[in-house]
Amino acid sequence: MHIETKAVHAGRDVDPSTGAVTIPLHPSTTFERGPDGSFPSGYEYIRDDNPTRHAFETAMAALEGGCAAVAFSSGMAAITAVFEARPSRGNRIVVPDDMYFGIRSLIEETDIGHRFDFVAVDMRDLGALRTAVGAAPTGLVWIETPSNPLIRVVDIRAACKIAHEAGAPAVVDNTWATPILQRPFELGADAVMHSATKYIGGHSDLMAGIVVVPEASPFERPLRMIQKHKGSVAAPFDCWLALRGLQTLPVRMRAHCDGAQKVAEALSRHPAVDSVLYPGLPHDPGHALAAAQMSGYGGMFSFVVNGGAEAAMLVAAGLKIVARATSLGGTHTLIEHRASVEGPKSLAPAGLLRISVGLEHPQDIIDDLYQALSVVK
């Protein structure tokens, strides 16, 4: 089946008891035993499994081209589980220097930072990556592409090859690209993670994370045990909302990409904008690589306003349609000044604004940005 068909049907059938086309929501935390003490339905307790969560996991495995998936209560819960479940004994985890800021906070503010040796490198530099994984036994290489917020594009195939040569698994955060735009398993990844809160859900109304694994993956059982025994399971209602979002994911991603391309091109022509970071632009350093390993350039980009932080904040404050809010991947266009969110360790330039292009008409977004940019001298 084509991915558009999988998005509608994978993990879901017409309900046999009612004929309902839309999959039912099963919020039950517990399930009845048979007279002999068995569980004829296959379900026992919500931490072990739940019909709605099972459907979401099955659907995501099909979309991503994996064998199984494990759904967690958030993207951060999924990321933490991957770090803890790494099958290699090496304690070193190599991460990109331009990583999702939540990971940096996880490392600095929880026990995760003490339990593992995190090494950050610019993964566009394959020599630096090879040096990092070869300097000590490495348990995991974490790949994020395109990156947040500098929109760097990493060569997934080459990075996975370097990880495997060092005996380490490679896991790709595919949140920004989704299975629609990027296929990490086809490029050598050992697992793929999504914050389903973003494009998978698509409506800014759920929180979940999911890790997809291929057949016979050494990740699967540890991930299941972390999900079950640490209790970081995705709630049935969030899984039901995610299944709803999956049905329109291919169409939404085409609209997000189309809108982002038009808005990025318009901003690249504005005199108040110093630079636009988006691989869909031919002059972007990641353009050729993105064209080779992605089927679209995504709905996310960043742009740097002349005049630094003060000017960028004035632009954000002057927007009328675009919302000043964190997160991404929903129907609304969202903008955020990343340096003020991330603090002094941020790699984001002072004038950088990150934008998640939503599903409004692109020209309305452009007009809103242009009127806000008029304050920049």
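Predicted model: local features only at pLDDT ≥ 70, side-chain atom pairs only at ≥ 80, totals over all residues.
The chain is assigned two domains: domain 1 spans 3-245 and domain 2 spans 250-374. Their centres, taken over C-alpha atoms, are 26 Å apart. Domain 1 brings 33 residues to the contact, and domain 2 brings 36 residues.

The size of an interface is often given as the accessible area lost when the parts come together. Here, about 2,900 Å² is buried between domain 1 and domain 2. Carbon and sulfur atoms give 64% of that area. Which three residues supply more than any other three of the area that domain 1 buries against domain 2? They are Val 153, Leu 181 and Tyr 199, with 25%.

Polar pairing also crosses the boundary. There are 12 residue pairs in polar contact across the interface, counting pairs with both residues at pLDDT 80 or more. Two salt bridges are counted between the domains. On the domain 1 side, the elements giving two or more residues to the contact with domain 2 are helix H1 (3-9), helix H4 (101-109) and helix H8 (178-181). A salt bridge also joins the side chains of Glu 108 and Lys 345, at 3.0 Å from N to O.

Ser 147 sits in the loop that runs between strand E4 (138-144) and helix H7 (156-165). Is Ser 147 buried or exposed? Ser 147 is buried: its relative accessible area is 2%, under the 20% cut-off. Leaving aside residues up to four places away in sequence, Ser 147 touches Asp 98, Arg 152 and Trp 176.

| Ser 147 group | Partner | Distance |
|---|---|---|
| Side chain | Asp 98, side chain | 2.4 Å |

Strands of a sheet pair through backbone hydrogen bonds, either parallel or antiparallel.

Inside the order, strand E9 (residues 300-305) and strand E12 (residues 352-356) run antiparallel. Five bridges join them. What is the bridge partner of Phe 301 in E12? The partner is Ile 355.

Conventions:
Residues numbered from 1 in each chain as written. Heavy atoms only, no water. Helix = DSSP H or I, 4+ residues; strand = E, 2+ residues; numbered from the N terminus. Buried < 20%, exposed > 50% of the residue type's maximum accessible area, 1.4 Å probe, protein only. Polar contact = N/O pair within 3.5 Å; in protein donor to acceptor, adjacent residues only side chain to side chain. Contact = heavy atoms within 4.5 Å. Pairing = 2+ DSSP bridges. Domains from an automatic or database assignment. Buried area = accessible area lost by both parts, 1.4 Å probe. Salt bridge = Lys/Arg side-chain N within 4 Å of Asp/Glu carboxyl O.
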